[in-house]
Amino acid sequence: MKTTTIQQRIKFKGTRAAQLYRFYMDAALHAAITGYPAQIEAQAQRPFQLYGDYLSGHTLFLIPNQLIVQSLKARNWRLEAQPSILILQFKEEEEHTELWLYQMNVPTAIAADFKKGWNDWYWKVWKAYLKRQQE
């Protein structure tokens with residue numbers, strides 16, 4: 001099965017890296033923002049399930065507020081598909097935080113959908129949540 005790598009860079013204005021890190025790693029906050037169940041702990045070598053059970057895997061390595069490394073699969077991936085490796089890196093700049101996403105070993109046949117999914121199901125949702133918090 002052919003695989004590819006997804007790379008994205010997203011800017012979140014007026015936001016700290018610690019806040020974005022919590023959006024992803026705090027189960028209650030993750031669920032509140034996305035509207036879907038989340039089981040995740042901010043500890044390495046722990047399993048997780050996000051968006052109900054759509055995304056599942058293990059958190060491999062963490063640097064609080066800076067870096068998340070996970071092994072994950074989506075529910076609709078073929079059984080023989082190997083997990084992908086997800087890296088989320090948070091970099092604070094003066095007026096914004098950049099989030100860099102690298103996801104390796106994504107099945108090529110669904111890579112475009114997955115790339116769009118990160119934007120639609122995470123980055124847009126996070127930005128909408130941040131906007132509501134500022135109002």
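This is a predicted model: local features need pLDDT of at least 70, side-chain atom pairs count only at pLDDT 80 or more; totals for chains, interfaces and linings use all residues.
Trainee: What secondary structure elements does the protein contain, and in which order do they run?

Mentor: The protein has 3 helices and 6 strands. From the N terminus on, the order is β-α-α-β-β-β-β-β-α.

Trainee: How do you know whether the radius of gyration of the protein agrees with that of a compact globule?

Mentor: For 135 residues, a compact globule would have a radius of gyration near 14 Å. The protein has 14 Å, and therefore the value agrees with the rule. Along the principal axes, the C-alpha atoms fill a box of roughly 45 × 25 × 25 Å.

Trainee: What share of the residues is buried, and what makes a residue count as such?

Mentor: A residue is called buried when its relative accessible area is under 20%. Buried residues make up 40% of the 135 residues. As for the surface, the protein exposes about 7,700 Å², of which carbon and sulfur atoms supply 50%.

Trainee: Why is the pair Arg 46 and Glu 41 called a salt bridge?

Mentor: The cut-off is 4 Å between a side-chain nitrogen of Lys or Arg and a carboxyl oxygen of Asp or Glu. The whole structure holds 7 salt bridges.

Trainee: What makes Arg 78 exposed or buried, and which residue does its side chain meet in a salt bridge?

Mentor: Exposed means over 50%. Arg 78 has 53% relative accessibility, so the residue counts as exposed. Its side chain meets that of Glu 80 in a salt bridge, at 2.8 Å from N to O.

Trainee: How do you know how many helical turns separate Lys 116 and Asp 120?

Mentor: Both belong to helix 3 (residues 111-134) and are 4 residues apart, which means a separation of about one helical turn. Lys 116 and Asp 120 form a salt bridge, with the closest N and O atoms 2.3 Å apart. Salt bridges with shared partners join Lys 116, Asp 120 and Lys 124 into one network. Asp 120 has a relative accessible area of 23%, so this residue is partly exposed.

Methods
Residues are numbered from 1 along each chain as its sequence is written. Side-chain values use heavy atoms; hydrogens and water are left out. Helices (H or I, at least four residues) and strands (E, at least two) are DSSP runs, numbered from the N terminus. The radius of gyration is taken over C-alpha atoms; the globule rule is 2.2 Å times the number of residues to the power 0.38. Buried means under 20% relative accessible area, exposed over 50%, partly exposed in between (1.4 Å probe, protein chains only). Accessible areas come from the Shrake-Rupley method with a 1.4 Å probe; for residues, only the protein chains shown count as cover.
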